[in-house]
Amino acid sequence: MKGGTVPTWLELLLATQFFAICTNHLSSNRNECNLFCIDCEESKGALCYYCRSDHHSTHRVIQIRRSSYHDVVRVAELKDVLDINDVQTYVINSATVVFLNERPQQRGCGVSAVKASSSSYNCESCNRALLDPFRFCSLGCNLKGIKEGMRTNIPTRDFIDYTRKDDDTDCSNTSGNTGNNEESSSEPDYCKEKPSPPRVIRHRRKGIPQRAPFY
C-alpha cells in the first residue's frame with residue numbers, strides 16, 4: 001500500500017463484521033463467518049466454511065482470527081497480496097499477525113498515554129506506542145495514512161512557482177550565467193552601481209597681509 005495504491009477490497013475487509021453466525025447455514029457446526037474472499041467484492045464480505053466450499057473454492061480467501069477481541073490476520077496470508085511493510089507485526093500463538101483496525105486506547109491519561117509519550121516509535125495515525133520501527137499499528141491506520149497523504153501531497157515545485165518573486169530593481173544577471181564575462185560587460189552603464197565621488201571640503205585661505213610702507 002505504497003504510493004497511494006490501495007486494493008479495492010481492502011476497505012470492504014476493514015468494514016466487515018466477522019465471527020457472526022452464517023444465516024445460510026444455521027444448523028451446521030462450522031457456521032462462524034471468519035473468512036474473506038479478496039476476489040469477490042460482495043456486500044456480505046464475511047464467509048463461513050460452507051460458503052467458501054460452495055461458491056469460493058477456487059478464489060483467494062483469507063482467514064480472520066481473534067486476539068483480545070480484536071480481528072487479526074496472519075502475515076503469511078497477506079504478504080503475497082498486500083504490502084504491509086509499514087504495519088507493526090505481533091507474534092500471537094506462534095504466528096506473526098497484523099491487526100485489521102485501530103484499537104481503542106485512553107486519551108490524555110493512563111497507561112496508554114504514558115507508553116505513547118515514552119515510546120521511541122508511535123503510529124502516525126493514532127499515536128499508539130509501537131514495539132518496532134514501523135509507521136502504523138494496523139491496516140486501518142495504514143489506509144488512513146495513505147488517504148491523508150493523497151490529500152496533502154502537493155509537489156514541491158508548485159510551492160516554488162507560487163512563491164517566486166522577481167526583483168524589478170535588480171539589474172544583475174539572475175539566469176545563472178555568472179561565469180560569462182562578455183554578457184556581464186555588455187550591460188548598460190546605468191545598471192552598474194558606481195560609487196559616489198568623495199566629497200572634498202575646501203577651506204578658503206586668507207591672502208598674505210601687506211603692510212603699509214614706512215614714510
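Ser 57 lies in the loop that links α2 (49-55) to β3 (61-67); helices here are DSSP runs of H or I with at least four residues, strands are DSSP runs of E with at least two, and both are numbered from the N terminus. The structure is a predicted model, in which local features need pLDDT of at least 70, side-chain atom pairs count only at pLDDT 80 or more, and totals for chains, interfaces and linings use all residues. Residues are numbered from 1 along each chain as its sequence is written, and side-chain values use heavy atoms, with hydrogens and water left out.

Is Ser 57 buried or exposed? Ser 57 has a relative accessible area of 57% and is therefore exposed, given that exposed means over 50%, buried under 20% and partly exposed in between (1.4 Å probe, protein chains only). Ser 57 is 20 residues from Cys 37 in sequence, and their C-alpha atoms are 9.9 Å apart in space.

Two strands pair if DSSP finds at least two bridges between them. β3 and β4 (residues 70-74) run antiparallel and are joined by four bridges, with Arg 65 opposite Val 72 in β4. Together, β3 and β4 make a hairpin with two residues between them, and Ser 68 in the turn has a positive phi of about 55°. On to the next partner: β4 is also joined to β6 (residues 95-99), by three bridges and again in antiparallel fashion. Here Val 73 stands opposite Val 98 in β6.

Stepping back to the whole protein chain, seven helices and six strands are present. Their order from the N terminus is α-β-β-α-β-β-α-β-β-α-α-α-α. The protein chain has 215 residues, 28% of which count as buried. Among its contacts (heavy atoms within 4.5 Å) with a separation of 6 or more, 46% are between residues 24 or more positions apart.

What, then, lies inside? A nonpolar core is a set of buried Ala, Val, Leu, Ile, Met, Phe, Trp, Tyr and Cys residues joined through side-chain atoms within 4.5 Å. The largest one has 30 residues, and Leu 13 and Leu 139 touch the most other members. At least two residues of this core come from each of α1 (10-15), β1 (35-37), β2 (46-47), β3, α3 (75-78) and α5 (139-152). A second, separate core has 11 residues, including Tyr 90 and Phe 136. In soluble globular proteins, nonpolar side chains tend to be buried together.
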